[in-house]
Amino acid sequence: MTYVVNTTPIDRINSISPKHNQCDVERSEDSALDLKNVPVLTPEQEKKLWRKIDMRIMPILSLMYLLAFLDRSNIGNAKLEGLVIQLDLTGNRFNIALIMFIIPYCLFECPANLVLKVFRPSRWLPGITFLWGVVMTLMAFVKTYPQLVGTRVCLGIAEAGLFPGVVYYLTLWYPRHMLQYRIGLFFGAATIAGAFSGLLAFGIGYMGGMKGLEAWSWLFMLEGLATIVVAIIAFFVLVDFPDTAKFLTPEERAFIIWRKKYDNSSVGEEERFAARHIWAAFRDWQVWLQIPIYVSIVGPLFGITLFLPTIINSFGYNTPVSQLLTVPPYVAATLTLLGFAHYSDKLKIRHPFILAGLTMCLIGFSINISTAPSGVKYFGTFFIVMGSYAAFPGVISWLGNNLSGQYKRGAGMALLMCIGNFSGAVAAIIYRSQDSPRFIFGHALELMFVGIGFIFLPIVVLVYKRINAQRDANERLAVERGEKVQYSEQELREWGDRAPDFRYTL
């Protein structure tokens, strides 16, 4: 591939190479890029380069998350395969077992995201994947309720670092208006996992009694062993940061770093660690206004993920048929998610697609809380799965787009997930066995979550529009008056998304 040398000022480009503290000493000499000769790529060459990066990092990340979602949600399938009876999960014990995954998962997300910059992604992400694979495998041999709860706690701690870590990792590779499609590809593995979970449970269900193990034990064991295998592969496949990626040429590395650094600022974003970046994320108004929107999507997502087999089973189908009927809604959700992600990045806008997802959830839960026939209610589950899964990457990438500064973005996104995922803890206990078959209590609370989204989404959009318009007006006024407001590059970098030249993504 032939490149044309970029004419970007040398003093600006020379500051591009990110510093990752302790990771620096482990980086190869190849990381010392000659950023004075950043190439200019034609659209076709740039498209080819991004495709090259996609093919290297997206398949393994998606496979890891597919297994993560299988391992956390397969307990819903195991419930139909004798888990409740063998472990005597009477009353709310099953719901408590679900909560005991979510609480440590939420608590450990934020610190796990921060240590990603200390430990190399190529070691940290496969390492925690290997760890929860071991936990999942051992869960096949639990004999009592306390043992099940203990392993679910360990599973929540081990899995906590994957999703926020990968999302943050992707923000270090991709410009902000290419991000949602990649998060969509990654999170799309979760919807595929939902389909696989039903198919695997259907097949593994016939293994019950082999070697003295129930079907649910085989489900946990086989999926745990698969996770361990993928973790080992990831140790050799996953790469760290753009400036140390040996599968790229020096020119390609220089282009990626330059393209990402000046993606949302004329002077690049702040990359050096300082405690003030963490506190800036905690003080940022948009993090706290985005949390209710995140909650409005995650509550329905957790609820339908954990209880879709139970809800379908309550329609009167037997266990094998119920397992199989969980597959079509997830297939539809995968297609919807990829469509949303593609057009959201293409149009460089997020909120209409989140609104569409909320509307789908509203329709689906409204159908299921009604007295409609079972066939109609099953049709309603399609709307719930499609809406919650398709909107989720948009919520994540929206905040990631609008926080500038690597450490502020990492802390802000982890805070969003850490607090927002507690809605999953609520969703884990609202579908009670005594409420079957209509589950009015559960569906009503999920509609409450959706309503929260309808309230806060327009508020956030209006605030973003107002700030963007104000900055546009100030810029026009300065041009009309012939004024030149001088800010140093360091000042603009430190201000990040509060800088006069920063525009929020809507």
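Which residues does Trp218 touch, not counting residues up to four places away in sequence? In this predicted model, the partners of Trp218 are Ile204, Met207, Met210, Lys211 and Leu213. Trp218 itself belongs to helix 8, which spans residues 215-237. With a relative accessibility of 12%, Trp218 counts as buried, because the cut-off for that class is under 20%. A C-alpha separation of 8.4 Å is found between Trp218 and Gly205, two positions that lie 13 residues apart along the chain.

## Overall architecture

The protein contains 19 helices and two strands. Of its 506 residues, 58% are buried. Contacts between residues at least 6 apart in sequence were also examined by their separation along the chain: 83% of them join residues at least 24 apart.

## The largest nonpolar core

The largest nonpolar core comprises 143 residues, and the members that touch the most others are Trp173 and Tyr389. Helix 2, covering residues 43-86, is the greatest contributor to this core, giving 17 residues.

The surroundings of Trp173 can be described residue by residue. Leaving out residues up to four places away in sequence, Trp173 is in contact with Trp50, Ile53 and Ile57, among others. The list of its partners also includes Val239, Asp240, Phe241, Pro242, Ala245, Phe247 and Leu248, together with Ile256 and Lys260.

## Helix 6 and its two partners

Helix 6 is mostly covered, with 10 of its 10 residues buried. These buried residues are Leu162, Phe163, Pro164, Gly165, Val166, Val167, Tyr168, Tyr169, Leu170 and Thr171.

| Helix pair | Axis separation | Angle | Crossing |
|---|---|---|---|
| Helix 2 and helix 6 | within 11 Å | roughly 160° | left-handed |
| Helix 6 and helix 7 | 10 Å | about 150° | right-handed |

On the helix 2 side, the contact is formed by Ile57, Met58, Leu61, Met64, Tyr65 and Ala68, which meet Leu162, Phe163, Val166, Tyr169 and Leu170 of helix 6. By class, this contact has 11 nonpolar residues, with no polar and no charged ones.

For the second pair, helix 6 (residues 162-171) packs against helix 7 (residues 179-204). Here Phe163, Val166, Val167, Leu170 and Thr171 of helix 6 meet Leu179, Arg182, Ile183, Phe186 and Phe187 of helix 7. The residues of this contact comprise eight nonpolar, one polar and one charged.

Apart from neighbours within four places in sequence, Ala68 is in contact with Trp132, Glu159 and Leu162. The C-alpha atoms of Ala68 and Phe163 are 9.1 Å apart, although 95 residues separate the two along the chain.

## Backbone features in loops

Ser436 and Pro437 are joined by a cis peptide bond, with omega at about 10°. Pro437 is placed in the loop between helix 17 (422-427) and helix 18 (440-480).

Asp88 is not a glycine, yet it has a positive phi of about 55°. Asp88 is situated in the loop that runs between helix 2 and helix 3 (93-115). With a relative accessible area of 44%, Asp88 is partly exposed.

Lys348 likewise has a positive phi, near 55°, in a residue other than glycine. The loop that holds Lys348 lies between helix 13 (327-347) and helix 14 (351-369).

Technical notes: Residues numbered from 1 in each chain as written. Predicted model: local features only at pLDDT ≥ 70, side-chain atom pairs only at ≥ 80, totals over all residues. Heavy atoms only, no water. Core = buried A, V, L, I, M, F, W, Y, C linked by side-chain atoms within 4.5 Å. Buried < 20%, exposed > 50% of the residue type's maximum accessible area, 1.4 Å probe, protein only. Helix = DSSP H or I, 4+ residues; strand = E, 2+ residues; numbered from the N terminus. Contact = heavy atoms within 4.5 Å. Axes fitted to C-alpha atoms, helices over the stretch in contact; angles between N-to-C directions. Left-handed = near helix turned anticlockwise from the far one by under 90°. Nonpolar A, V, L, I, M, F, W, Y, C, P; charged D, E, K, R; others polar.
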